[in-house]
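Subject: Structure handover

Hello,

Here is the structure I promised you. Please open it alongside this note; my findings follow below.

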Amino acid sequence: MPNLPSDPDNITDLAAFRAQAAYRIAADDHDASVQSVPTDLSWGDRGTKPLPLHPVTAGPTQFRLRVDLVGTTSPLWRKLVVPAHLTLDVLHDVLQVAFGFTNSHLHRFALTHDPLGREFEGILTPFDVTEGDIGILESEVRVDQLLTAPGDTLLYTYDFGDDWEHLLTLESVEPQADASTAARCVAGARQGPAEDVGGVNGWEEVLALVADGPGHGYPEQWETVRFLGLTGFVDEIDLDSINRGLDRLAGSTAALDWLRAQPVGPKGPSALALLVAGQSPGAQQVLAGYLAAADVSLPIDLGEAEAATAVIRTFLGLVGDGIRFTEAGYLPPRAVRTIMTTMDPGHRWRGPANREVQTYPVLQLRETVTLLGLTRKFKGELRLSARGRKLQDDPVALLKYLAASLPAERTAAGSEIALLLLLIVAAGETENLHHVMEQIDQLSSMIGWSYGGGGQYGNLYALQDAFDTREVLGWAGLGQLLPPVGSDSSGLDTARARMLARAALMTWA
């Protein structure tokens with residue numbers, strides 16, 4: 001994939017990527033070229049015995065698997081229900097979601113009685129094939145070809161630096177309950193570990209430090225805790241969050257197909273298609289999962305238009321026939337007080353509300369509404385634009401206009417990050433905002449593309465580039481300028497914010 005793709009056809013066909021991954025090895029004569037591995041090699045030429053594969057199960061069957069992270073002092077495990085026909089590459093994706101990993105490192109499946117592949121041929125990832133390893137591609141092996149009876153086991157290792165080793169144990173074989181192919185997590189213990197912390201021992205050292213509090217350990221250790229966003233960490237499994245992730249995974253391929261099938265407009269491919277096409281295959285899958293969860297095909301509830309546009313309509317009404325700026329270019333104190341009295345009746349804003357430069361909610365509101373083209377500066381005054389005057393008393397039309405105007409950002413980076421934000425909000429996953437940003441950041445770094453340098457602070461920095469879009473979504477969600485007293489909600493986690501984000505994505509699809 002090129003570094004700067006401009007064609008939505010670059011959106012990876014995940015099914016083809018798995019099924020048709022090239023069998024490539026370096027030529028024996030050290031030629032720089034690569035050549036396909038012949039498909040008729042005898043097993044003896046491979047130097048190992050063929051992988052002992054069982055016949056596939058007959059009829060719709062599901063497996064109940066117990067997956068343990070090996071070496072944890074307090075057991076960290078998941079119980080998964082998966083279709084028996086699942087191929088190992090998809091099982092890898094399931095395990096990534098179940099344990100909260102970001103799929104940004106290498107992995108390997110292996111037989112428990114032959115973990116190093118010395119007796120039997122290896123189970124290969126596409127990367128292994130490019131390295132010249134001999135074996136069978138994981139996308140060609142089904143779970144039921146390796147696990148058949150309760151008690152059968154399989155090894156899965158992720159990140160060969162941290163060596164997160166998982167033992168998969170088949171607990172039961174059952175008839176498949178329905179036609180769904182989505183895996184489910186039905187039980188488990190503890191949150192999945194943070195990555196790049198030195199494996200199981202490093203993770204448990206970090207958790208011990210968190211438990212002891214900031215008065216313990218070295219300053220640099222606590223910087224790691226803050227970087228990982230672990231202050232206030234609670235080591236409990238969130239089954240609902242895991243299963244939402246598994247639903248996104250199950251819907252990702254269809255979402256990519258849908259996006260690829262969208263017609264190209266007169267100005268070329270949509271910004272959303274280009275955003276997805278510019279990522280690594282793994283990042284494309286993650287983004288497509290959020291697109292599936294957003295379900296942009298759902299109708300927009302225009303009955304919520306009045307509340308969703310209340311902040312902007314109120315501000316337009318206060319601008320009225322115009323407000324003259326001070327010589328410094330700010331709204332005058334009287335106007336600032338009027339705006340805050342009207343739009344912050346609960347006095348949530350604790351600072352002085354008489355100078356715009358010190359009253360950030362008013363300054364941000366004024367600048368964002370102007371950026372949206374609803375107000376303008378004219379002869380030293382803030383005035384309604386023709387569009388603002390037309391829309392100020394029409395909530396439905398204003399909601400549609402806002403949807404068509406998001407992302408509000410005018411820079412390429414800001415627009416991309418705002419599109420990401422729209423995807424995450426529309427999917428209802430704002431509680432995982434920083435984790436998603438980190439995952440996309442790490443997966444996309446493979447093609448030299450990065451949002452914020454990773455970590456909690458880097459992602460916070462990146463999200464600043466989408467500040468205007470975030471504010472518009474927040475105002476729609478809250479229905480007011482600031483959160484009510486006693487609440488720290490940004491409004492992004494509400495149904496109205498999700499509705500507006502979904503409507504905005506539909507205009508960019």
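Start at G428: just after helix α16, G428 takes a positive phi of about 75°. Helices (H or I, at least four residues) and strands (E, at least two) are DSSP runs, numbered from the N terminus.

Two points on how to read the rest. This is a predicted model, so local features need pLDDT of at least 70 and side-chain atom pairs count only at pLDDT 80 or more, while totals for chains, interfaces and linings use all residues. Residues are numbered from 1 along each chain as its sequence is written, and side-chain values use heavy atoms, with hydrogens and water left out.

Helix α16

This helix covers residues 412–426. Its 15 residues should span 21 Å at 1.5 Å a residue. The expected span is 1.5 Å times one less than the number of residues. The end C-alpha atoms are 21 Å apart, which agrees.

Buried means under 20% relative accessible area, exposed over 50%, and partly exposed in between (1.4 Å probe, protein chains only). Among the buried residues of α16 are G414, S415, I417 and V425.

The cores

A nonpolar core is a set of buried Ala, Val, Leu, Ile, Met, Phe, Trp, Tyr and Cys residues joined through side-chain atoms within 4.5 Å. The largest one has 72 residues. I312, L374, L473, L500 and L505 touch the most other members. The largest share of this core, 10 residues, comes from α16.

What does I312 contact, leaving aside its neighbours within four places in sequence? I312 is in contact (heavy atoms within 4.5 Å) with V369, L372, L374, L398, L402 and W475. Apart from this core lies another, of 48 residues, among them F99, F120, I136 and L230.

Strand β4

Strand β4 is residues 77–83. Six of its seven residues are buried, so β4 is largely enclosed by the rest of the structure. Strands pair if DSSP finds at least two bridges between them. Seven bridges join β4 to β3 (residues 61–69), and the two run antiparallel. V67 has R78 in β4 as its bridge partner. Five bridges join β4 to β10 (residues 184–189), again antiparallel. Here V81 has R184 in β10 as its bridge partner.

Salt bridges

How many salt bridges does a search of the whole structure find? The search finds 16. A salt bridge is a side-chain nitrogen of Lys or Arg within 4 Å of a carboxyl oxygen of Asp or Glu.

R184 also meets D247 in a salt bridge (2.6 Å, N to O). This pair links distant parts of the chain: R184 sits in β10 and D247 in helix α7 (residues 239–261), 63 residues apart. R184 is partly exposed at 30% relative accessible area. D247 is partly exposed at 41%.

E429 and R244 form another salt bridge (2.5 Å, N to O). E429 is in the loop between α16 and α17 (433–444), and R244 is in α7, 185 residues apart. E429 is buried, with a relative accessible area of 1%. R244 counts as partly exposed at 22%.

E381 and R383 also meet in a salt bridge (2.9 Å, N to O). E381 counts as buried at 16%. R383 is partly exposed at 26%. Finally, salt bridges that share partners join D240, R244, R248 and E429 into one network.

Best wishes
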